[in-house]
Amino acid sequence: MAYETGDEFTKSVLKRWQDIPDPRLRQVMQSAIKHLHAFTSEVQPTGAEWFKAIQFLTAIGHKCDEKRQEFILASDVFGVSMLIDDINNRRVAGATPSTVEGPFHIPDAPEIANGADMAKGAPGIPCFVTGTVRGLNGEPVGGAVLDLWQTDGEGLYEEQRRTTEPWMRGVYHSQPDGSYSVRTVAPISYTIPMDGPIGALMGRTDMSHMRPAHIHFAISAPGYHGVVTHLFRKGDEWIEKDVVYGVKAPLVVEFVKKPPGKAPNGETIDTPFYEVKYDFILEQAQAALAAAE
Ligand code: BEZ
Ligand code: FE
């Protein structure tokens, strides 16, 4: 048997890992081995450092349970989640862009009537989000599902509150003219979970571990590509330094502070509140376009 080192050794390993009938798995493994070998050759880890890397990956696995996903957090802070989003959700110009889903979405949120309150007494400044869901040609999209989730005014999601009832999430529907009307409380900027191995790693950097204030939306409508996105609060101090790279300029919106008085849903509010206006633009799905031709 030949005694190989360096590039010759990598070539031998790659040759052995060609014996995979599934072409996609073969492609993935060839690329993984090529890049892992290049990384290892460049970094030249000591045995102790390599063992530390293995302990780090093990700790990430141990931190995961049915509510906590430390691997997703790793993918988020390394920018891989946004890369995956870009590869899979490239929409035409003019359509509302997607961004990272994050780990806090809980399925089967309660249905909330148009204009009704999804905060239900949660702490925070009242906030009214209104606008329309439209197609690229300006046509109203009625019956779209708007699944929202966000932090309360103290920066906490349902999973962190550990409530028995749903907290700061709800499903709205657009009206026949495409309009929607949400009552909530304003989210605030918050830190990603720092009590695990990803937090420990971030703590050894000078990077911010903050996300700017935002409301999550997952919007779907028959005949259109759905979009999973956020609305970010303009002026938030962390907008330029989002720890998960999720901010896109068209998603940054003004939260306009209003004095007590009549709110967009017709209610009279006796404290100051925020008004946010945003039109979501969906791209028609190919199948729907083909059927229309
Ligand atoms: C979030 O927006 O909820 C989130 C996204 C990525 C990491 C942590 C939180
Ligand atoms: Fe979030």
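Predicted model: local features only at pLDDT ≥ 70, side-chain atom pairs only at ≥ 80, totals over all residues.
Biologist: How far from an oxygen atom of ligand 1 does a polar side-chain atom of Arg211 lie?

Modeller: Several side chains place an N or O atom by an oxygen atom of ligand 1. For Tyr157 the distance is 3.2 Å, and for a polar side-chain atom of His216 it is 3.0 Å. For Arg211 the corresponding distance is 2.5 Å.

Biologist: Which residues are the protein donors of the iron ion (ligand 2)?

Modeller: The protein donors lie 1.8 to 2.1 Å from the iron ion. Along the chain, the donors follow the spacing Y-x32-Y-x23-H-x1-H.

Biologist: Which strands hold Tyr190 and His214, a pair that links distant parts of the chain?

Modeller: Tyr190 and His214 are both buried. The two residues are 24 residues apart. Tyr190 belongs to strand E5 (residues 190-191), and His214 to strand E7.

Biologist: Why is the arrangement of the donor atoms around the iron ion (ligand 2) described as it is, and what is it called?

Modeller: Ideal angles for six octahedral donors are 90 or 180 degrees. Around the iron ion (ligand 2), the six donor atoms subtend angles of 52 to 169°. Because an octahedral label requires opposite donors over 155 degrees apart and all others between 65 and 115, the angles found here make the arrangement irregular.

Biologist: Which residues have the most contacts inside the largest nonpolar core?

Modeller: The largest nonpolar core has 30 residues. Strands E1 (126-135), E2 (145-150), E4 (179-185), E7 (214-220), E8 (227-233), E13 (273-277) and E14 (280-282) each give two or more residues to this core. Apart from it lies another core of eleven residues, among them Ile60, Val77, Val100 and Ile192. In the largest core, the residues with the most contacts are Val129, Leu146, Phe217 and Ile219.

Biologist: With which residues is Ile219 in contact, leaving aside its neighbours within four places in sequence?

Modeller: Ile219 is among the residues with the most contacts inside the largest nonpolar core. Leaving aside neighbours within four places in sequence, its partners are Val133, Ala144, Val145, Leu146, Gly226, Val227, Phe280 and Leu282.

Biologist: Is Pro197 buried or exposed?

Modeller: Pro197 has its place in helix H7 (residues 197-202). Not counting residues up to four places away in sequence, Pro197 touches Phe56, Ala59, Ile60, Lys63 and Glu70. Its relative accessible area is 14%, and the limit for this class is under 20%. Pro197 is therefore buried.

Biologist: What distance separates the C-alpha atoms of Ala74 and Gly199?

Modeller: Ala74 is found in helix H4 (residues 70-77) and counts as buried at 6% relative accessibility. Leaving aside neighbours within four places in sequence, Ala74 is in contact with Ile60 and Ile198. Gly199 is 125 residues away along the chain, and the C-alpha separation is 9.5 Å.

Biologist: Which side chain does a polar contact of 2.5 Å join to that of Arg169?

Modeller: Arg169 is found in strand E3 (residues 169-173) and counts as buried, at 9% relative accessibility. Beyond its neighbours within four places in sequence, Arg169 has contacts that include Ile106, Pro107, Met118, Leu148 and Trp149. The polar contact of 2.5 Å joins its side chain to that of Glu158.

Biologist: Is Gln44 buried or exposed?

Modeller: Gln44 has its place in the loop between helix H2 (23-43) and helix H3 (47-63). Its phi is near 50°, a positive value in a residue other than glycine. With a relative accessibility of 59%, against a cut-off of over 50%, Gln44 counts as exposed.

Biologist: What value is phi of Tyr245 near?

Modeller: Tyr245 lies in the loop between E8 and strand E9 (252-253). Its relative accessible area is 46%, which means that Tyr245 is partly exposed. Its phi is positive, although the residue is other than glycine, and is near 65°.

Technical notes:
Residues numbered from 1 in each chain as written. Chains lettered and ligands numbered in written order. Heavy atoms only, no water. Core = buried A, V, L, I, M, F, W, Y, C linked by side-chain atoms within 4.5 Å. Buried < 20%, exposed > 50% of the residue type's maximum accessible area, 1.4 Å probe, protein only. Helix = DSSP H or I, 4+ residues; strand = E, 2+ residues; numbered from the N terminus. Contact = heavy atoms within 4.5 Å. Donors = N, O, S within 2.8 Å, 3.2 Å for Na, K, Ca; no water. Tetrahedral: all angles 85-135°; square planar, octahedral: opposite > 155°, others 65-115°. Polar contact = N/O pair within 3.5 Å; in protein donor to acceptor, adjacent residues only side chain to side chain.
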